[in-house]
Amino acid sequence: MTRLILASQSPARTKLLTDAGIRHEVLVSDVDEEAVQARYGVTDPHDTALLLARAKAEAVASLPAAEGALVIGCDSVFEFDGEAHGKPYTADVARERMLRMSGSKGVLHTGHWLVDCRDTEESEESGGAGSGATLGHVTSAEVHFMEMAPEEIEAYIATGEPLQCAGSFTIDGYGGAFIRKVDGDPHAVVGLSISTLRGLLGQAQVGITELWTTGAADPALLRAE
């Protein structure tokens, strides 16, 4: 049975996969993001997202638990006014960013990196299923924000939600109230593009339907009454 490992501790990413009916395991990397960026000197938001996704995927792929599996690493970076915005971590940083973002727009870049850890050698046991692939892709979406009153920003910060999110916002939580529209794949704004994952798996000679389970969200529950 084909195994997919998500190299991320993000609840939003694993929920995306679960709701899409994609069987997966979670194995978190211990990548020091600041150290990786300093080592390679990458500052472009698009390239930073891919670099960090690759670092996470390769760190998990090197672990014994990843043997025989496919590993997908993801990282998101928000580009606003030409600057790269990761997680704000503090209320002061989140507040400053959100005041600037109010009524404006930015681009959320989500990097994806897939590592195929399956055996590539022809044998009776493995069948040579592995492709040896190491593949990456960045999916970007333009996010348009509504005007946000200072008291709304303070209330949002008080929830704690924006402190651990790239760009200081989410689309699938409280922050969705402040997003007017998204030009591009909304899944990428959450943190993992399902269609991008399908493309990467295809390049590794794996059909996404091989990973489907019966655990997808029930369409009947999602339809408006």
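His112 sits in strand β5, which spans residues 105-116. Strands here are DSSP runs of E with at least two residues, helices are runs of H or I with at least four residues, and both are numbered from the N terminus. The model is predicted, so local features are given only at pLDDT of at least 70 and side-chain atom pairs only at pLDDT 80 or more, while totals for chains, interfaces and linings use all residues. Residues are numbered from 1 along each chain as its sequence is written, and side-chain values use heavy atoms, with hydrogens and water left out.

His112 has 0% relative accessibility and therefore counts as buried; buried means under 20% relative accessible area, exposed over 50%, and partly exposed in between, with a 1.4 Å probe and protein chains only.

Helix α4, residues 91-101, has Ala94, Arg97, Met98 and Met101 as its buried residues. They cover an arc of only 95° around the axis, which puts them on the same side of α4; the arc is that of the directions from the helix axis to the C-beta atoms. These buried residues of α4 pack against β3, β4, β6 (134-145) and α5, where contact means heavy atoms within 4.5 Å. Leu99 also lies in α4, but is partly exposed, with a relative accessible area of 48%. From Leu99 to Leu16 the separation is 83 residues in sequence and 29 Å in space, C-alpha to C-alpha. After α4 comes Gly103, with a positive phi near 75°.

Helix α5 covers residues 150-159, and its buried residues are Ile153, Tyr156 and Ile157. Why do the buried residues of α5 line one face of the helix? Seen down the axis, they fall within an arc of 100°, so they share that face. The cover over them includes α4. On the face turned away from the buried side, α5 carries the exposed residues Glu151 and Ala158. Just after α5, Gly160 takes a positive phi of about 85°.

Positive phi values also occur in residues other than glycine. Ser168, in the loop between α5 and β7 (179-183), is not a glycine and has a positive phi of about 75°. Gln205, in the loop between α7 (194-203) and α8 (219-222), has a positive phi near 65°. Are these two residues buried or exposed? Ser168 counts as buried at 0% relative accessibility, whereas Gln205 counts as exposed at 62%.

The loop between β5 and β6 holds Glu121 and Gly132. Glu121 counts as exposed at 56% relative accessibility, and Gly132 is partly exposed, with a relative accessible area of 46%. The C-alpha atoms of Glu121 and Arg95 are 53 Å apart, although 26 residues separate the two along the chain. For Gly132 and Gly167, 35 residues apart along the chain, the C-alpha separation is 34 Å. Leaving out residues up to four places away in sequence, Gly132 touches Asp116 and Thr120.

The largest pocket has a volume of about 1,000 Å³. Of the 40 residues that line it, Arg13, Lys87, Gln164, Cys165 and Ala166 are the closest to its centre. On a 1 Å grid over the protein atoms alone, a pocket is an open set of points where a 1.4 Å probe fits, with protein on both sides within 12 Å along at least five of seven lines, and lining residues have an atom within 4 Å of a point. Grid points are joined across faces, edges and corners, and the volume is the space filled by probe spheres set on them. Which elements each supply at least two residues of this lining? They are α1 (11-19), α2 (33-40), α3 (45-61), β3 (70-80), β4 (83-85) and α6 (186-190). By class, the lining has 17 nonpolar, 14 polar and 9 charged residues. Ala, Val, Leu, Ile, Met, Phe, Trp, Tyr, Cys and Pro count as nonpolar, Asp, Glu, Lys and Arg as charged, and the others, Gly among them, as polar.
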